[in-house]
Amino acid sequence: MLSAAAIQHVRLGALVAPSLTARSSWRPFKALLLWMPVTDQTKPRPDANAYADSAAALLAEHAPGTYRIRPLLEALIVFVALMLATFITVGFIYQRALVAQKQEIRQGLLRTANVLSTLVDADLHRRFDSAEQESAPEFIAQEQMLIRARKADPQIAFLYTAVLKGDAVLFVLDATPQPAEGEDDTRVALLEPYPDPPAEIVTALREQTTTASDEPYTDEWGTFVSAYVPLLDEAGQFYAVLGLDLDVSDYLDRLEPIERATQRALVTAFFIAFLTAAAVWFLRRFILELHRRRNALYADLRRLGRASGDGADT
């Protein structure tokens with residue numbers, strides 16, 4: 001088969017030959033045409049099967065991977081992980097803050113009790129060793145002094161002194177005022193035993209040391225947090241303890257800000273975790289849809305490639 005260039009040469013010769021014949025011999029030009037190199041530069045037609053194989057290899061190289069995308073499950077995992085981390089962190093902070101606040105309450109009670117202990121006269125207190133002393137002017141004057149001090153701080157539920165006789169804890173001074181008409185009388189008599197006393201007051205009396213309640217306790221007068229300080233005379237001799245009670249309602253009121261802040265932190269963390277999980281669900285659903293469409297496009301290209309190969313074979 002002649003190439004396009006050879007055919008062009010032949011056409012050119014056909015056009016030029018008549019004019020040469022008319023003027024002179026055309027034999028030299030004929031010889032030139034015969035001796036010109038004729039090369040076939042026609043490229044081979046591409047093989048349809050080879051094209052199909054190349055397309056199949058390209059599709060195989062860029063085949064989409066297999067992914068397991070579960071938007072709802074992944075969102076739930078994110079939500080649970082965030083809430084768990086929040087619970088652990090907030091719980092740790094809450095416990096630390098609670099311990100610090102309780103310690104501050106105990107220290108505050110002890111400071112107040114130490115200040116009030118200076119109002120007690122050691123020599124007079126030692127004389128109050130019988131129930132008959134309850135009507136003595138010295139006894140009444142000492143109790144009135146403590147009553148005025150108790151009224152100065154409304155959070156003080158009870159203020160009293162006590163001594164230890166054998167294993168019994170006995171009240172001496174009581175800063176509870178005379179009840180108004182219709183009110184219950186919660187006063188204790190001189191040397192009246194303390195039924196079922198808390199362990200802290202017993203420790204303070206036996207070891208002659210400062211103690212305070214770690215947690216609220218309940219007796220026949222109510223539920224309290226208490227502090228106890230030893231009473232010493234001018235020679236440094238121990239003779240009694242001074243007790244100060246804080247009502248549990250006031251105690252819980254002081255702890256309430258920590259609990260309220262903790263609840264708010266947990267509610268805020270819940271909404272943050274929910275919004276984060278919702279964002280994860282939305283993004284993963286979007287990625288899942290893109291992956292589905294990519295797989296559909298890949299499948300269509302595979303079918304097109306196979307159809308082209310089958311057409312070439314026929």
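I call a residue buried under 20% relative accessible area, exposed over 50%, and partly exposed in between, with a 1.4 Å probe and protein chains only. By that cut-off, buried residues make up 30% of the 314 residues in the chain.

I noted the ground rules next. This is a predicted model, where local features need pLDDT of at least 70, side-chain atom pairs count only at pLDDT 80 or more, and totals for chains, interfaces and linings use all residues. Residues are numbered from 1 along each chain as its sequence is written, and side-chain values use heavy atoms, with hydrogens and water left out.

**Fold.** I counted eight helices and six strands. These are DSSP runs numbered from the N terminus: helices are H or I with at least four residues, strands are E with at least two. Along the sequence I read α-α-α-α-α-α-β-β-α-β-β-β-β-α.

**Cores.** I took a nonpolar core as a set of buried Ala, Val, Leu, Ile, Met, Phe, Trp, Tyr and Cys residues joined through side-chain atoms within 4.5 Å. The largest one has 37 residues, and Leu109 and Leu244 are among those with the most contacts inside it. Helix 4 gives the largest share of this core, seven residues. I also found a second, separate core of 15 residues, including Phe158 and Ile201.

I then checked Leu244 for contacts, meaning heavy atoms within 4.5 Å. Leaving aside neighbours within four places in sequence, its partners include Leu109, Ala113, Phe158 and Val225.

**Surface patch.** Which residues form the nonpolar patch on the surface? I listed Leu72, Leu76, Trp281, Phe282 and Leu283, with about 530 Å² of accessible area together. Helix 4 (71-117) and helix 8 (248-313) each give two or more residues to the patch. Helix 8 gives the most, three. Patch residues have over 30% relative accessible area and no salt bridge, and nonpolar side chains (Val, Leu, Ile, Met, Phe, Trp, Tyr) are joined within 5 Å. A salt bridge is a side-chain nitrogen of Lys or Arg within 4 Å of a carboxyl oxygen of Asp or Glu. Accessible areas come from the Shrake-Rupley method with a 1.4 Å probe. Leu76 lies in helix 4 and counts as partly exposed because its relative accessibility is 47%.

**Backbone.** Most residues other than glycine have a negative phi. I found a positive phi near 50° at Asp196. Asp196 sits in the loop between strand 2 and helix 7 (199-207) and is exposed, at 65% relative accessible area. Gln208 also has a positive phi near 50°. Gln208 is in the loop between helix 7 and strand 3 (211-212).

Technical notes. Patch = residues over 30% accessible without salt bridge, like charges linked within 9 Å, V, L, I, M, F, W, Y side chains within 5 Å.
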